[in-house]
Amino acid sequence: MVRYRVLFTADLQNLTNLQPADGVDSPTFAYYFKMKCGNCGEPAKKEISVLSNVKTSRSRNAPNLFMKCKLCERRGSMNVVTTDTGKPLTEELSAIGESAPLMELDCKGFDPVELVFGNGWKAKSIAGTKFLDINLSNGEFSEYDEMGKCPVAIYNLRVTFEVLMSEYREYMLARSIRIWDWHRDWHAVAKANKKETGVYSYFPRIVRY
Ligand SMILES: [Zn+2]
């Protein structure tokens, strides 16, 4: 399993706090992703939509979605993590070219390639006007803020996927726990042997008289 942090940024003109209309970390906001197979690299033709509150079964650890590669038939799953993972994109971040985290993704067997923007976004103009139904499906948005008497716009949307936890790291972690367990067992046996033979050794045959 690989955990990704999904980060986004855009050029904001007289706007700030760009985020999903229900707010960041909303479990009801559907995100659309383009994925590719982690085995053969085949990109999925259709984008998939994931909602963090829709699970494949009632079990607590059930993923939000199962996937299967059409080419090599590899199966995989995906989970959207939206608890305390997102932050709105502010004008300050945008101005220095920094990104805001949107959510985290747990992916098994598949990797995200692209986040597809749609409608249902909101932002606030620097004059305080709220724009509550921003459609980003064309990759940009522009309007005129009557109250602030200035044009507002969003363009140059960019998304990056940052790897947080990879299969390799998970494997190494599990391995070090196993080594630690093994070492503890070894120590317990050696201690028992010392009681019996006076020698601190894992091998019980070394007995000194
Ligand atoms: Zn494949």
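This dialogue reads selected features of a predicted model.

Reader: Which conventions apply to the model and the numbering?

Author: Residues are numbered from 1 along each chain as its sequence is written. The model is predicted: local features need pLDDT of at least 70 and side-chain atom pairs count only at pLDDT 80 or more, while totals for chains, interfaces and linings use all residues.

Reader: How many helices and strands does the chain have?

Author: Helices (H or I, at least four residues) and strands (E, at least two) are DSSP runs, numbered from the N terminus. Here the chain has two helices and twelve strands. Read from the N terminus, the order is β-β-β-β-β-β-α-β-β-β-β-β-β-α.

Reader: What are the overall dimensions of the chain?

Author: Taken along the principal axes, the C-alpha atoms fill a box of roughly 95 × 40 × 30 Å. The radius of gyration is taken over C-alpha atoms, and the globule rule is 2.2 Å times the number of residues to the power 0.38. A compact globule of 209 residues would come near 17 Å, but this chain has 26 Å.

Reader: Which strands does strand 1 pair with?

Author: Strands of a sheet pair through backbone hydrogen bonds, either parallel or antiparallel. Two strands count as paired if DSSP finds at least two bridges between them. Strand 1 (residues 2-13) runs antiparallel to strand 7 (residues 100-108), joined by seven bridges; in this pair Tyr4 stands opposite Leu105. Ten bridges join strand 1 to strand 12 (residues 150-165), also antiparallel, and there Gln13 stands opposite Ala153.

Reader: What is the strand order in the open sheet of three strands?

Author: The order is 4-3-8, with antiparallel pairing. Strand 4 (48-50) and strand 8 (110-116) are the edge strands, each pairing on one side only. From one strand to the next the twist averages 45°, where axes are lines fitted to C-alpha atoms (for helices over the stretch in contact) and angles run from 0 to 180 degrees between N-to-C directions. Strand 3 (residues 31-37) pairs with strand 4 over three bridges, and Phe33 stands opposite Ile48 in strand 4.

Reader: Why does Val24 count as buried?

Author: A residue is buried if 20 or more other C-beta atoms lie within 10 Å of its own, exposed if 12 or fewer, and partly exposed in between, with C-beta atoms placed from the backbone. Val24 counts as buried because it has 20 C-beta neighbours inside 10 Å. Of the 209 residues of the chain, 21% are buried.

Reader: Where is Val24 found, and which residues does Val24 touch?

Author: Val24 is in the loop between strand 2 (15-20) and strand 3. Two residues are in contact if their C-beta atoms, placed from the backbone, lie within 7 Å. Not counting residues up to four places away in sequence, Val24 touches Gln19, Gly86, Lys87 and Pro88. Val24 and Lys87 are 63 residues apart in sequence but 6.0 Å apart in space, C-alpha to C-alpha.
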